[in-house]
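Student: I would like to work through a structure by asking about single residues and elements. Can we start once it is on the screen?

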Amino acid sequence: MKKITLEKVREMDRIDPFRGKREEFLLPEGIIYLDGNSLGALPKAVRLRIRDVTENEWGQSLIAGWDKHGWVALPGKVGDKIARLIGAKQGEVVVTESTSINLFKAVTAALQVGPKRGTILTEKGNFPADLYVLDAIARESGGKVKIKRVAREDLIASLTDEIAILCLTHANYKTSVRHDMAALTRRAREAGAMTIWDLSHSAGALPVDLNGCGADFAIGCGYKFLNGGPGGSGYIFVAARHQNKILPALAGWMGHVRPFDFSSDYQPVSGIARQLTGTPFVIGAAALDAALEVFDGVDMEAVGEKAGKLGDLFIGLVEAECPEMKLACPREATGRTSQVTFTYPEAQKIMAEVVKRGVVADFRPPDVMRFGLAPLYNSYEDVYRAVLTLKEIFKQ
Ligand SMILES: *Cc1c(COP(=O)(O)O)cnc(C)c1O
């Protein structure tokens, strides 16, 4: 590989179609932030919106805000914004609750509308929180539901006629491996199984085409590459064909056809709003709404391309400058997520030092170093400087 210079990476930034986007975020001085896969940076628009929704909407309108400021409609409105980023139609996504709770909703719904089978297929290395929810559903089912965890390479062969649901995370949080959503969804459909995709690590950083793949359900997190703020609302996608067949396991008044009638009998509303349970957290939904403005007019294919290039540069530089680090993610950009992963026996020590020097990235036990690359606000120069910092630490 030809030596990569600071001049060269600055040239890459100069022609980057997203070079103006960084300005839309508030990033602390002197920090290179490579942790947007855990907590997205703050879009400047969020600050203003939070101020407005508290001081003006809540502060001045009080209870009239529900109508006056469209608070009731907000979860659906924000869901529609996310829909464009993940290949869903308007009315197929709603913002509500955390990812874990939405996973519970999606699994219980898929068990209802899917084939009368009892096994949920997932991957051994799936996100732990998702595995906990799956196991809890099995435990509560009185033996009717079983969870089958297999290695990634055994997924296809395990899609037999006993599988009710294939439940996977699109982009793996640890290995940075990206599943082939189209191929796996197709195979699941051929086997008669429902699909649930967790998009927490892909939405906002990579192109996702749920309807193009024929996916049934999806869920995801609002605070990673969507930058909705710590603990902000997640979202759920239900393909239009299933929406009105579901009787929600977490039935709630916000999913009632006439919530303000306070009828003693539950009668679900049509459409995606049926997935709502309780009163929406308006401040959180407003933050996510404002955060999503940075995606206005943004082509997600181009976002994915930049993610790939940032990762390619990172890998190339590490291999040239820090041969101690072992590549632990796919080399091919299309097989990778928007983070690069390496291993090193003393990763914990190195990462602590890296953070001390202003490069924020993270460590996962026992020896994993993760660098999240957010295409909208990370530059090629960020990558160059981060690897230079690693090199200095290794040389000591
Ligand atoms: C971040 C993440 C979650 C987080 O779930 P919460 O309920 O929002 O805390 C769940 N699943 C995956 C795959 C994630 O990456």
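Student: Is H242 buried or exposed?
Tutor: The model is predicted, and every value here is computed from it. Buried means under 20% relative accessible area. The relative accessible area of H242 is 5%, so H242 is buried.

Student: Which helix holds H242, and which residues does H242 contact beyond its neighbours within four places in sequence?
Tutor: H242 sits in helix α9, residues 240–243. With neighbours within four places in sequence set aside, the contacts of H242 are V113, M194, D216 and F217.

Student: How many Å apart in space are K105 and H242, C-alpha to C-alpha?
Tutor: K105 belongs to helix α5, residues 99–113. In sequence, 137 residues separate K105 and H242. In space, their C-alpha to C-alpha distance is 13 Å.

Student: Is K105 buried or exposed, and what does K105 touch?
Tutor: K105 has a relative accessible area of 5%, so K105 is buried.

Student: How many residues of helix α10 are buried?
Tutor: Helix α10 spans residues 282–291 and is mostly covered. Its cover includes β3, α2, α3, α4 and β4. Among the buried residues are V282, L288 and D289. Of the 10 residues in α10, the number buried is nine.

Student: What is the phi of E97, and where does E97 lie?
Tutor: Most residues other than glycine have a negative phi. E97 is not a glycine, yet its phi is positive, at about 50°. E97 lies in the loop between β4 and α5.

Student: F262 also has a positive phi. Is F262 buried or exposed?
Tutor: F262 is not a glycine, and its phi is about 50°. F262 is in the loop between α9 and α10. Exposed means over 50% relative accessible area. F262 has 60% relative accessibility, so F262 counts as exposed.

Student: Is the peptide bond from P365 to P366 cis or trans?
Tutor: Most peptide bonds are trans. P366 lies in the loop between β14 and β15. The bond from P365 to P366 has omega near 5° and is cis.

Student: Which residues form the negative surface patch?
Tutor: One of them, E305, is in helix α11, residues 300–321. E305 has 54% relative accessibility, so E305 counts as exposed. The negative surface patch is made up of D209, D299, E301 and E305.

Technical notes: Residues are numbered from 1 along each chain as its sequence is written. This is a predicted model: local features need pLDDT of at least 70, side-chain atom pairs count only at pLDDT 80 or more; totals for chains, interfaces and linings use all residues. Side-chain values use heavy atoms; hydrogens and water are left out. Patches are made of residues with over 30% relative accessible area and no salt bridge: like charges are joined within 9 Å, nonpolar side chains (Val, Leu, Ile, Met, Phe, Trp, Tyr) within 5 Å. Accessible areas come from the Shrake-Rupley method with a 1.4 Å probe; for residues, only the protein chains shown count as cover. A salt bridge is a side-chain nitrogen of Lys or Arg within 4 Å of a carboxyl oxygen of Asp or Glu. Lys and Arg count as positive and Asp and Glu as negative; His and the chain ends are not counted. The place of a charge is taken as NZ of Lys, CZ of Arg, CG of Asp or CD of Glu. Helices (H or I, at least four residues) and strands (E, at least two) are DSSP runs, numbered from the N terminus. Buried means under 20% relative accessible area, exposed over 50%, partly exposed in between (1.4 Å probe, protein chains only). Contact means heavy atoms within 4.5 Å.
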